Amino acid sequence: MYRIEYTGCLTSILIFLLILFLVKELWWVIVGIALILIIGYYANMIYRLFADKKAESEKNYTPQMGEVYKICPYCNSKVKVTAMTCPNCNHALN
């Protein structure tokens, strides 16, 4: 027989939601919490997508014609002049 144990915060949240469900007058609170959780989840996914895209573009830096750049002494990758650390190997460039 399988036994599920809820500890700490999850138990408190479930009890709180059960009380709100039993009251029935505050159904909008349950809907509001659910909407906030759903919106927060998708906002976090979108933020991660943009952050990953930015990090990837910094890693794959290709200077344009005539643009000045640094070369990392550790991994020999091209790095922007304003960069303090190499985005490829994370070593300091100073």
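Asn90 is exposed, at a relative accessible area of 61%, where exposed means over 50%, buried under 20%, and partly exposed in between (1.4 Å probe, protein chains only). The model is predicted, so local features need pLDDT of at least 70 and side-chain atom pairs count only at pLDDT 80 or more, while totals for chains, interfaces and linings use all residues. Residues are numbered from 1 along each chain as its sequence is written, and side-chain values use heavy atoms, with hydrogens and water left out.

Most residues other than glycine have a negative phi. Asn90, however, has a positive phi near 65° and lies in the segment after strand 2. Asn76 also has a positive phi, near 60°, and is found in the loop between strand 1 (69-71) and strand 2 (78-80). Strands are DSSP runs (E, at least two residues), numbered from the N terminus. Asn76 is exposed, with a relative accessible area of 61%.

The model contains zero disulfides, a disulfide being a pair of cysteine sulfur atoms within 2.5 Å. The sulfur atoms of Cys72 and Cys89 are 3.6 Å apart, too far for a bond. The table gives the accessibility of these cysteines.

| Residue | Relative accessibility | Class |
|---|---|---|
| Cys72 | 0% | buried |
| Cys89 | 23% | partly exposed |

There is one aromatic pair. Tyr41 and Tyr42 form this edge-to-face pair, with 5.2 Å centre to centre and 75° between the planes. Rings of Phe, Tyr and Trp (its six-membered ring) pair if their centres lie within 6.5 Å; planes under 30 degrees apart count as stacked, over 60 as edge-to-face and the rest as tilted. Tyr42 is partly exposed, with a relative accessible area of 49%.

Definitions and conventions. Helix = DSSP H or I, 4+ residues; strand = E, 2+ residues; numbered from the N terminus.
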